[in-house]
Amino acid sequence: MKRIWLDSYPQGVPAEIDARAYTSLNELLERSCSRFRDGTALSNMGVSVTYAELEGLSRAFAAYLRKVLGLRKGERVAIVLPNLLQYPVALFGALRAGMTVVNVNPLYTASELRHQLADSGAAAIVVLENFARTVQEALPDTAIRFVLTTQVGDLFPPPRRWLVNFAVKYAKRMVPRWFIPGAVQFREALARGAGQSLDDPGLGRGDIAFLQYTGGTTGVAKGAILTHGNMVANVEQVAAWAAATLKEGREIVITALPLYHVFALTANLLVFVKLGGENVLVTNPRDIGGFVAELGKTRFTAMTGVNTLFNALLNAPGFEAVAAASRGTLKLAVAGGMAVQRSVAERWRNATGVPLVEGYGLTEASPNVCANRFDAGEFTGKLGLPLPSTEVAILGDDGREVALGEIGEIGVRGPQVMRGYWNAPEETAKAFTADGWLKTGDMGRIDERGYVEFSDRKKDVVVVSGFKAYPTEIEDVAMLHPGVKDAGAVGVPDERSGEVVALFVVRKDPALTAEALLAHCAKHLTGYKQPRRIEFREQLPKTPIGKILRRVLKEEASRLRG
Amino acid sequence: MAEYPEHLVRAHRLIDGRTVTVRPIRPEDFAPVREFLNELSGESKYMRFQKWVHAPSDQLIHFLTDVDYDRHLALVCTARSGDRDEIVGEARYVADSQGRTCELGIVVADAWHKSGVAGILMEALIHAARERGLARMEGLVLSSNAEMLRFVRALGFETEPAPEDRTLMRISKVLQDSSAPQAR
C-alpha cells in the first residue's frame, strides 16, 4: 500500500530515518556522554548523576562484568530493579560489556522469575535487596552464576546513602530476609571494575541488546529478540517525530513507568539520553502523594505514562497546583501501552495546557510503531500515524492487505521490528506473515488520512494498565490449586486499569474460598495478572464440543460489576 | 445408544507411505485418549479447547470417549506404534437437538501435523455427518489459528469473524443440497 500517512506528517518530519546513525546503543550513549558531559543525565529522589558520571559508572560496571567475572560477549545479564540510578548504570554497563540485557519485573513471583531466567539462560543477575528473597527462591534450575545485590541508596552520596539504606532495611522493614552464597554488592562491583580497563566489545547492529519478555497465549512468556539495530532505529524514529518539540540538552522527562517495560526503556531512557536530556526516575509512582510532591520540585518538560497513571495524577490532591505551575515548561505528554480515555485526555489538557498524545506499539517492535502528532490540537482517539521508516498494513485472514478503510489485523514492518522470539522458532514463524509483516494481534483500520485506528483484539489477552495478561497463564495457575476443577479467566472493563482479570472457577473442593484461591494466585502471579474477582460456578459455559465461551463469561463478569 | 458404526472403520495410506486407521471412538479408548491429550503441546490444546487444559479431567475424557454415535460422533485416527495402536488425531461433531446442524472439533498430535491425518479425519467426519442427514457443519476457530482457517477453507468451509467476539472466527459448511432434515 502507498504510505498515505506521509501526507499527514507534521512539517519537518522525514519519511525515513537513518537507521545507521549509530552502530549500537553503546555508541549512542558514548556520544551523548562526551557531548553533554556536565549535563544531568539522571536524577532520583533529589540526587543527580551527570553524563560524565554515568559514563564512568557504566564503564566500571562493564569492566567488572568482563574482567572480574569473565563474562563473555553475548551472555545474558538480568536486571531486577525498580527505577533507581542503578538501573541505567547496570543496563548501560551490561551493554558496554557486550552482554544482552534481560529486563525483569521486580514484582514477579519466584515461578515467573525462574521461567524468565531459565529461558534466557542469564549468567548474571542484578537485584535490589528488597527482591533478593525472590531471586534466592528462583535460582535453582537456572544458569545464574553471579548475583549482584544493591540497596536503594547505593548511588546516593553519604550520609544520604546510609540513612536511606538503613531506613529501607530496618525502619521500614522492606527487605525480606535472604541469603545467597557468593552474592556480591553492587558498590563493590563498581569499585573493583573502576580499576580495570574496558575493551570495546565490537558490537554491530545485529548484536542482541535485549531479550524483552512478553506473555503468550499458551501461558509461557517469550523473549522478544531486540537487537542494537532495532533499538537504535526506534530511538531515531521517536527522536525524528519529536524533533520540532524537544531540544538537545534542555529537556527533563518524568520517568514514572518502570524501565523494565520497553516503552519507558526506549521512549524515556534511550531517547532522552540521545537528546542529552535528564531522566527523572520515579521509584514508586503508586505513592501518589510522594509522586506529586516530586513533580512539584521538578521543572519537567516532558512526561510519559499510561492512561491509569495520568488518571491517578489528575485525581491526586495537589496535582492541580503542580499542573498549573508546569504551564509554559511542560511541552509534551505521551501515553502508550493501553487505550487512552477521552475524558482523561481532556482533563489532562485542561489541567496542563498540553495535549495527552497517544502512541501505539508493542514489545516486538521496540516498541514504538505509531504516534499522534505532537502538535495535535485535539485528542484524536486514534493510535496515530506510522512513525518514519515504519510500514503499517491491515491484513485479512489470508495475510494479504485489505482495502483502505476495512478492518483487519494490524501488521508492522520496519527496522524496529524484532528478529524473533528467543529459542522459539515456531512462535517466531507464527508471528510473521509470508511477506514479513509482524502480526500484532490487534485489529484495526487505516483511515483516509493514514491514521491507524484500533477496533478490537484478535488475541485473547487482557491489558491491565499497559501490561498484557494472558488468560491461559492465569487458568494454569488456578488449576494448580488442588481444590479447583476448572477455571476460565476473562478481562472485564475497569475504570482505573482499563481492564482487570476476572476468574470463574468450578470447585473440586466445595470448601474452597475465594480468599484462599486469591492467596494462591498471589503466590504465583505478579500483581497485574491476579484476578480482581473470583466467581464460583457449577460449570463453565461451553459449546457442545467443549470449547469455552469466553464471551458469555465476559458478559457475566460485566453484569456482576455493574 | 446407537450401535457401534462399524462401517466407518477404514484404513488409509498417507503420502509418506505410513498407514493409519480411522474408526469411531469407543469407551475403551479412555486411557489412550488421556495419553493423546497429555502429549499435545499447550498450543494444540489451547486451539482445541480455547482455554488452558493442564491435565484433562476424567469427566472430560468420559465426555470425549463415551459418545452415542448419533448426536455425538467421534472418530479417532490411530497408527501402529510398536505392538500397539496409538491415537494420533481425533475429530468429532455434536448435532443440535433438531438434528440440523452440528459443531465440529478436531485435533491432531503435534508430530502428525501436515501428515494428511487432519484431511482424512475431516473427510470421514463430513461423510458421516452427511450420512446422518445433517444439513450444516459449523465451528469456532481462534482468529489467530491461521493454519486451521486455511485448512477448512480448502475443504469448502465459509469463514467469517464471530460478530460478538473478534478473537474467534465462525466456520460453516453446507452438507446437503436440501436443508430439510432427513427422517430417522
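**Figure 1. Domains 1 and 2 of chain A in the predicted model.** The centres of domain 1 of chain A and domain 2 of chain A, taken over C-alpha atoms, are separated by 36 Å. Domain 1 is made of residues 25-30 and 46-203, and domain 2 covers residues 390-457. A further part of chain A, residues 462-561, is assigned as domain 3.

**Figure 2. The largest nonpolar core.** This core has 151 residues. Leu65(A), Val77(A), Ile79(A), Val80(A) and Ala124(A) are the residues with the most contacts inside it. Helix α9 of chain A, residues 262-274, gives the most to this core, with ten residues. Domain 1 and domain 2 of chain A each supply at least three residues to the core.

A second, separate core has 43 residues. Val490(A) and Ile534(A) are included in this second core, as are Tyr46(B) and Leu140(B).

**Figure 3. Surroundings of Ala124(A).** Neighbours within four places in sequence are left aside here.

**Figure 4. Contacts between chain B and chain A.** On the chain B side 24 residues take part, in contact with 25 residues of chain A. Elements giving two or more residues to the chain B side are α2 (42-49), β4 (84-95) and β5 (101-108) of chain B. With four residues, α2(B) gives the most. The residues on the chain B side divide into eight nonpolar, nine polar and seven charged.

**Figure 5. The hairpin of β1 and β2 in chain B.** Strand β1 (residues 10-13) and strand β2 (residues 19-24) of chain B run antiparallel and are joined by four bridges. Thr21(B) in β2(B) is the bridge partner of Ala11(B). Five residues lie between the two strands. Gly17(B), in the turn, has a positive phi of about 100°.

**Figure 6. Helix α4 of chain B.** This helix has 15 residues, 117-131. From first C-alpha to last, α4(B) reaches 21 Å, close to the 21 Å expected at 1.5 Å a residue. Its buried residues are Val117(B), Ala118(B), Ile120(B), Leu121(B), Met122(B), Ala124(B), Leu125(B), Ile126(B), Ala128(B) and Ala129(B). Gly133(B), which follows α4(B), has a positive phi, near 90°.

How values were computed: Residues are numbered from 1 along each chain as its sequence is written. Chains are lettered from A and ligands numbered from 1 in the order in which they are written. This is a predicted model: local features need pLDDT of at least 70, side-chain atom pairs count only at pLDDT 80 or more; totals for chains, interfaces and linings use all residues. The expected span of a helix is 1.5 Å times one less than its number of residues. A residue is buried if 20 or more other C-beta atoms lie within 10 Å of its own, exposed if 12 or fewer, and partly exposed in between; C-beta atoms are placed from the backbone. Two strands pair if DSSP finds at least two bridges between them. Two residues are in contact if their C-beta atoms, placed from the backbone, lie within 7 Å. Ala, Val, Leu, Ile, Met, Phe, Trp, Tyr, Cys and Pro count as nonpolar, Asp, Glu, Lys and Arg as charged, and the others, Gly among them, as polar. Domain bounds come from an automatic or database domain assignment. A nonpolar core is a set of buried Ala, Val, Leu, Ile, Met, Phe, Trp, Tyr and Cys residues joined through C-beta atoms within 7 Å.
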